[in-house]
Amino acid sequence: MIEKKYDVVVIGAGPAGIAAAVKSRKLGLNTVIIENRDILGGIPLQCIHPGFGIHYFGVDLTGCEFIQRLIDEMSKNVVDYVLNGYVYSIDIYSYNEKLVTVVTPKGIYRIEAKTIIYTAGARERHLFELNIFGDRPDGIYTAGEAQTLMDLYGVLPGKDIVIIGSGDVGLIMARRFALEGANVRAVIEIMPYPGGLMRNVVQCLKDFNIPLYLGHSVIEIIGRNRVEAVKVAKVDENLKLIKGTEFILPCDTVVIAAGLIPNIDLLEKVGVAVDPRSRGPIVNEYLETSIPGIFAAGNALVINDLVDYAAEQGELAAEGAKTFIDNNGIPTKDWIKIDVGRNIRFIVPHYVSGERDVIVYSRVQRPESNIYFSINSFRIKMFNVRPAEMIRIKIPRKIFSEIHSSRIIAEVTPI
Amino acid sequence: MNRFKVAIVGAGIIGASIARVLSMYENFDVVLIDKELDVGWGASKANTSIIHPCHEEDPEKYPLRAKLCVEGNKIWKEWSRELDIPAKWPGELMVFHNSDEEKEVRKYIWFATKNGVPGVRIVYRDELQSFEQNINPDAIGALYAPSAGTLSPFEAVIAIVENGVDNGVKLLVDTNVLSVKIRNNVVVGVETSGGFIEADIVINAAGLYADYISHTAGVAKDFWIKPRRGEYIVFDEDVDIKPVKILHTTPTPLTKGVYAITTVHGNLMIGPTAEDLPIDAKENKATSENGYSYLIKEGEKLLKRLPPLSKVIRRFAGLRPEPPNGDWLIDVYIDPWGFINVAGIRSPGLTAAPAIAKYVLDLMVRRYEINLVKKKSWNCYRVGIKSIRNLNIYEADKLIERNPGYGKVICYCKIVTEAEINEAIDRIMKIGARPTIDGIKFRTTACFGKCQGSFCRWEIALILSKKLGIPLHKLIVKKCNYGIGDIKVLLRGEK
Amino acid sequence: MKNEETELTCIICPIGCSLKVYRSENNIDVKGALCQRGIDYAKQEILDPRRVVMSVIRVKNGDLPVVSIKTSIPIPKKCISEIMKLTALIEVEAPIEIGEIIVRDICGADIVATRRVNKGLGLK
């Protein structure tokens, strides 16, 4: 048994976690970061495409280049870390004493923490979370698994691919497969619009003549030993199958890119309140969850499309931890809840104090053009809003402090 | 002493149990043959996992089933302990909602008394809640049978085979038995995809294919096995509705009814459906939307409510071998001499398996006039793979000190460590099966959890690749390779 | 040559302006762009579409079996398959630093490493 004490324990060494740990260290806090795997970096290690760091570093980097910079920052700032560490439990002793139990090959660590920053990322939706029936043959992969196999371990999963989901992950994998010589038969998207950025639809599908089936769903997988085909059908505006529209697509590989979900089992076990809209924890503007002293950032808080926002959230959480430690807890405030209005799927953080500017992260329910995104009297004009593109805005303090009815509502309205 | 070479066709629960029982005696050199790469991959891994009390077996219509079911239920208590098979004995409630169902249920009380099943009685609504808090409050009553249990069926087969191999049984996987070879009315062996295997006695425990095998021996030419498909849905461990008792709906003529159970692994499972397929559809294990909706409906009959459907982590289906008229075909033949059928072992097959094995031995001994000689050093024990999951942190810490592999968690959802995965691989090779990713899953429950392997399958593959010294893409998942080659294989023009 | 009209989506930034490009004998007119970069992109895309290519190359004796690479600048679309064929034929030796040039001057760009690979046992 190894006993340790830290001001901040960061769980998960992906971009949010490393950014949080570095910031925390810079703020003078005793910090350790715990990572499941035997390397630091998380998902960006396997992202060989650019689009990382435009905001955070001011330069367009591939995922692996981006995360290497963060890892270098970590070494420069002498942040303690534990690899091959599985956080088995978080126990709450008191208001500002948490016990983190970590299983490692060196033995069990019991780490007393004043604060915890939870940045364990997201998990992928798997086959059984979709309305797909049929056989369960070999040849079915989640997109992340396929990406790990191809771009970390140099393995080609298959040669005739059908990809379920047209979010950026699915589109990027379509391009990867096509570049390596595989035949990407189709990308199947249940919504009537693509799930990812238009630029990715162009660069990943149009460039390679990969058919995109909007408003369609894979309903069945066929295959005895290996995948042999999928059955696809059109869906109506309620996403219900339209009988008679079924067709078969022969293939040998199915890649499921059907979305990410914050990986917060450990937090749910300690009783953190969860927002069913974001499927992540409910937090205040310090990114503190409903359990005092436990903060969340990155994909564990809300599914981000830009790694820059995940890293930014990590830093905000570190600042929150500092405030918590300096004041023996985030001081009591008259927290105001931000309500979700027209065409908003979720907005994070959920509670604001009115004492500071707050960066909000939000997504719309459905695409719209020429609208105002507004939070009470704050209003910004936007040409296009789409669920795939997170809206990140710094809201000035006075918007919150000038509340008359102590109700704040975020909404999207046509111009 | 007469010594016999025995070839058992099919390493499912029946074949494995027979192999274990035969291994107790000096008289038998047993080879256990299976067409898959590992053991128990037929009906044995896709069933409801119930050890039945046997009050549902009609002693007049199916006397053999009833007798061996009751015996098997008793023997499983010993076997599960000897072989370290995860099992629990919560008892079951056959739930009824109206007087017609109640009438049906009363029939089973009569069966229970005839079959010698202990403790069976009706519990009415007011008492029912105290038996099972999760029960549907609209149920007017249930038939309680306290001797019901549940165990992990695939771990059972693995454990039995490990113990059999430990006691001299030889396992041959990836070997398809094509026909039984007979000369002058005497069995001489089996023709397989891997060549001819000599045997004095051939025991046909080939599950869905037992009819084909029997026909090649010229026996029971009218005996045909219909695959009966059963779908199941499995919920995540962390749902709030997990019945303590085994719950099931009142049976119909076609099936034992639908069950809602909390498996030994802690998951709520609902199933099975019962759909008879054509005789040649012996590989059709597809799930369906209809099956899914049906199970949801039946589950709602049993439980006060279902967990949110977003908590379903797996849907699967299995095929049960259904014989004509529901009769098991267990026979030791003189003509041809040496051929034994243990075919069409439909429910209560899992429950009766140990008893069936003893019954077959008994029949063999009498018909073939064998003088049994017990092995002096027969080991009845087998220990399962140690897991840190069930230890407290002090015990876990000590274990990690002895073996750091226990400190490296690979499957986060089910807390399966590298040490367990390595041990699973060793055990697969020790019994003579082919190492596959699925084989590791069934031995450790890795990939059985919330993420269904999306986090850890490639990590497991890396460990397997390192241990076997073969590249990642050449590993076998269940039947096929993990990849078609290295990432540049198509660009090099090799496919 | 008569006027040719093409519809494009700009890929320079996440806004993804819908562009209409009118091409005549000696002029390319771009409508719908919110910034100059979009206009430049559209012209390039019509005349000589270019892309940055990202892939992996096999590594000998590294702690990972492949290293991720990219072309240093966008290369003509028609060169993509040539570059991809090349990635299948070459192998590099660990260690490799980010930014290291693996192949010089192919289709007008270099192929550079985008991930660090340390010396290791080399996975099969």
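**Salt bridges in a predicted model**

Arg457(B) has a relative accessible area of 15% and is therefore buried. The model in which this residue sits is predicted.

**Exercise 1.** Find which residue forms a salt bridge with Arg457(B), and state what the pair joins.

Solution.
- Step 1: The partner of Arg457(B) is Glu145(A), with 2.7 Å between the closest N and O atoms.
- Step 2: Arg457(B) belongs to helix H12 of chain B (residues 457-468), while Glu145(A) belongs to helix H3 of chain A (residues 143-151), so the pair joins two chains.
- Step 3: Buried means under 20% relative accessible area. Glu145(A), at 2%, is buried.

**Exercise 2.** Determine how many residues apart in sequence the parts are that Glu162(B) and Arg427(B) tie together.

Solution.
- Step 1: Glu162(B) and Arg427(B) form a salt bridge whose closest N and O atoms are 2.8 Å apart.
- Step 2: Glu162(B) is in helix H5 (residues 153-166) and Arg427(B) in helix H10 (residues 418-431), both of chain B, so the pair ties together parts 265 residues apart in sequence.
- Step 3: Glu162(B) is buried, with a relative accessible area of 11%. Arg427(B) is buried too, at 13%.

**Exercise 3.** Decide whether Arg123(A) and Glu129(A) are buried or exposed.

Solution.
- Step 1: The two side chains meet in a salt bridge, at 3.1 Å from N to O.
- Step 2: Arg123(A) and Glu129(A) are both buried.

**Exercise 4.** State how many salt bridges the structure holds over all chains, and name the residues of a network.

Solution.
- Step 1: Over all chains there are 63 salt bridges.
- Step 2: A network of salt bridges links Asp265(A), Asp236(B), Asp238(B), Lys311(B) and Lys450(B).

How values were computed
Residues are numbered from 1 along each chain as its sequence is written. Chains are lettered from A and ligands numbered from 1 in the order in which they are written. This is a predicted model: local features need pLDDT of at least 70, side-chain atom pairs count only at pLDDT 80 or more; totals for chains, interfaces and linings use all residues. Side-chain values use heavy atoms; hydrogens and water are left out. A salt bridge is a side-chain nitrogen of Lys or Arg within 4 Å of a carboxyl oxygen of Asp or Glu. Buried means under 20% relative accessible area, exposed over 50%, partly exposed in between (1.4 Å probe, protein chains only). Helices (H or I, at least four residues) and strands (E, at least two) are DSSP runs, numbered from the N terminus.
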